[in-house]
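Notebook open, structure up on the screen. I'm jotting down what I looked up, one entry at a time.

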Amino acid sequence: MIEYSPVQFAEFGDLDVPDVAFDEGFFALELELLELPCIREVALVHTELPDLGETLLVAFVPLSPEQEGSGRRAANAACARRLPGVFAHAVATSDIPRSADGEVRASVLVDRLLPQIARDLTSPVEMSD
Amino acid sequence: MIKLDDIRRHAANRPEQIAVVDGASRLTWGQFADHVDRMAAGLSAQLPPTRPARAVHLADNRWELAVAMAACATLGISCTGLDTEAGAEELTGLLTQLQPTVVFVSTEHRPVLDRCVWPTGPEALHVLLDGAKAGAVARVAGVGSRSVSFGTLLATEPLPSLPAALPYESLTVIPGEGGNPRVAVRRSAVEGRHLVDLVDEFGFDGSDVHLTAAPLAQPTARGLARTFLSLGGTLVLGRYRDPAALAALIAEERVTTAVIDPVALVRLLSHPGSETLAKSAQLRCVIALGRHLNRWVVNTAWEQLGPVLHLAYSTPETGLNAIMGPDELHVAPIRSGRMMLGSSLVVLDPDGLPLPAGENGRVAIAGYQVMDGYLDGEAAFTTLDVGQGPQRFFVTGERGQLDAQGRLVVTSRSAEVPTVSRNGAVDTEIFRLEADLLNLPCLRDTAVMRVDVPGLGDSLVVPFIAVAVGREVTGYKTLTAACNRRIPSLPAHVIAVDHIPYSPTGTIKTDELLDSVLPIIKLNLQLEHTMQQEMSA
């Protein structure tokens, strides 16, 4: 039989976050992206970008240059399925900066990708996506 | 790390067998015992009087570090690993918390250490692991700390009997978001129980050759290195960031077990050198932290390494708690694991009550590996009885569920979505700069890249193709002016090129481009610097 002692759970941090649906969608999207076998590495970052506002940035390492397009389509489809209300942008990169335990260095990643995002948003490739 | 008594026991049984491999350096058990004996004596003689005595290390994996860690374990001094990629600010915060009496550092990481100033810094002893082979104790210029080389300590005569070990203390750094790391403290030894559980779970033994391809600062890597040395196996340290060298090391050293950090594992599997390891190598178990690894890694590891990959779930606060074996990895969701011996897990609802299987909540873990608390304050613990008497559970920041098969599935790595805060002004100007450059008629093509590399720092690199041969100067002047007008806070390095490489879908191949232009930019900067020096002279 399972017994428990009453605890003051509030001291562990508030679980009633402002947007539970977004949080659940974000983490479900992250898991879905990790399950994609058509990309070598992936990182999902939530940030604010100029002109775009709230953005989901999906950085991925394609299996090969020829498979970059399929990786981008898979990532965009997952974003549209899980969080259709948030602007999402998938960018191919050769490397995702990480700490020793594998955690993504998100700030460094966005710094690195920002010029390519700006370019993508004005290019025919982005329009075709 | 392993203590001198255990090393002596192995040295007596197998004095000529290799204990530690680091490139061309090979320590037999006899040499390892001698080095640790001398190191412990040297440290004991030089140890500052401050208590509790604590050591930290800021160095990549090397045999000298293994000796230093074993000497510290022998003397009862905690030896905490610091992230070698952390900046001076983050390290200063950690050193202020840890107040180390001894700092083991390599030449490569000494400059960043010298920029760190912490209250007890002047009393600390710095031990330089490489570089000068021997020398007297000296003062570190500008810092006031005493500095001694590893070679000097190693030249110390062993003591007839070592001093009594200090009270046990083990400290583990927890990387914090936004550069606010914390430190987990354990005040009772768990190494013996951990060894027994790992042997029960995996069947490790003294014939294993274990590769540590992750920083020894990482708790799982350190724990497994200690386990294999305690069993009398061979510990292989290597340059794990180079995938070709790592693949060669696995085959040449006949590695049977390995712990590989996630970045090194992805690079290894992406490298052609790993394609034949399933047939040519002796690997039987590879452990990697699984929180950030994806399906491609699981599938490719099976193909290239064989059925050996185990993804581990561990936290610095709770230790190595769950693991997923290679067979089950193919059918289980990513980020899942089975609880290991000695760990209990519950999923809690918002009121702190245990949830049944299949329901999502906060993950809480109990067991002998769980820390006693944080160095700087209280931690979130709760006492629950889940059928084994009251147990103290650490409430992690992660959410997950126990599925119908009894596996832990981590569904989110924090309570809420982390948002990366940005410098909006700089980001806006980078967007504007891209638009500006598209409208310049004097360029055929250009690429803006933001880099942060040694020698250049945080800066823009802007290669361009001029509109015609002989028009490079115009392009250079125009681009430099555009960059300086838009983003004066970032230095811009503008350079003419013949070709800008693109992927089939139009993404700039930044690695290829940077490889071709960075050496030229660095050379130009050096020439400029030399000219300025000559002019000022």
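**Entry: across the two chains**

I started with Arg450(B) and Asp111(A), whose side chains meet in a salt bridge, 3.3 Å from N to O. By salt bridge I mean a side-chain nitrogen of Lys or Arg within 4 Å of a carboxyl oxygen of Asp or Glu. Between chain A and chain B I find a count of 8 salt bridges.

Before going on, a note on the source: this is a predicted model, where local features need pLDDT of at least 70 and side-chain atom pairs count only at pLDDT 80 or more, while totals for chains, interfaces and linings use all residues. Residues are numbered from 1 along each chain as its sequence is written, chains are lettered from A and ligands numbered from 1 in the order in which they are written, and side-chain values use heavy atoms, with hydrogens and water left out.

Next I looked up polar contacts (a pair of N or O atoms within 3.5 Å; within protein, one must be able to donate a hydrogen and the other to accept it, and residues adjacent in sequence count only if both atoms are side-chain atoms). Chain A and chain B have 23 residue pairs in polar contact, both residues at pLDDT 80 or more.

Which elements give two or more residues to the side of chain A that touches chain B? They are strand 1 (3-4), helix 1 (20-35), strand 2 (39-49), helix 2 (68-82) and helix 3 (106-120) of chain A. Helices (H or I, at least four residues) and strands (E, at least two) are DSSP runs, numbered from the N terminus. Helix 3 of chain A brings the largest share, 11 residues. By type, this side of chain A divides into 33 nonpolar, 11 polar and 19 charged residues.

**Entry: how much is covered**

I counted contact as heavy atoms within 4.5 Å. On that count, 63 residues of chain A and 74 residues of chain B take part. The two chains bury about 5800 Å² between them, with 57% of it on carbon and sulfur atoms. In chain A, Phe27(A), Leu34(A) and Arg119(A) lose the most area to chain B, together 11% of what that side buries. Buried area here is the accessible area (1.4 Å probe) that two parts lose on being put together, summed over both.

The chains also share strand pairing (DSSP finds at least two bridges between the strands). Strand 2 of chain A runs parallel with strand 24 (residues 419-420) of chain B over 2 bridges. Thr47(A) has Val420(B) as its bridge partner there.

**Entry: Glu68(A)**

Is Glu68(A) buried or exposed? Glu68(A) counts as buried, at 2% relative accessibility. My cut-offs: buried is under 20% relative accessible area, exposed is over 50%, and partly exposed is in between (1.4 Å probe, protein chains only). Glu68(A) is found in helix 2 of chain A. A polar contact of 2.6 Å joins its side chain to that of Thr507(B). Glu68(A) also touches residues of both chains, including Phe60(A), Pro62(A) and Ser503(B).

Glu32(A) and Arg82(A) form one of them, with the closest N and O atoms 2.6 Å apart. Glu32(A) lies in helix 1 and Arg82(A) in helix 2 of chain A, so the pair ties together parts 50 residues apart in sequence. Glu32(A) is buried at 15%, whereas Arg82(A) is partly exposed at 40%.

Then I checked Asp208(B) and Arg284(B), whose side chains meet at 2.7 Å, N to O. This pair ties together parts that are 76 residues apart in sequence, because Asp208(B) sits in the loop between helix 7 (191-202) and strand 11 (209-213) of chain B and Arg284(B) in the loop between helix 11 (277-280) and strand 14 (285-289) of chain B. Asp208(B) is buried at 2%, and Arg284(B) is partly exposed at 35%. I also noted one network, in which salt bridges that share partners join Arg105(A), Asp83(B), Glu85(B), Arg241(B) and Asp261(B).

**Entry: a sheet in chain B**

Last, I followed 3 strands of chain B that form an open antiparallel sheet in the order 9-10-20. Strand 9 (170-174) and strand 20 (373-374) are the edges, each pairing on one side only. Strand 9 pairs with strand 10 (residues 182-186) over 5 bridges, and Val173(B) stands opposite Val183(B). In strand 9 of chain B, 5 of its 5 residues are buried.

Technical notes: Nonpolar A, V, L, I, M, F, W, Y, C, P; charged D, E, K, R; others polar. Lists of a residue's contacts leave out its neighbours within four places in sequence.
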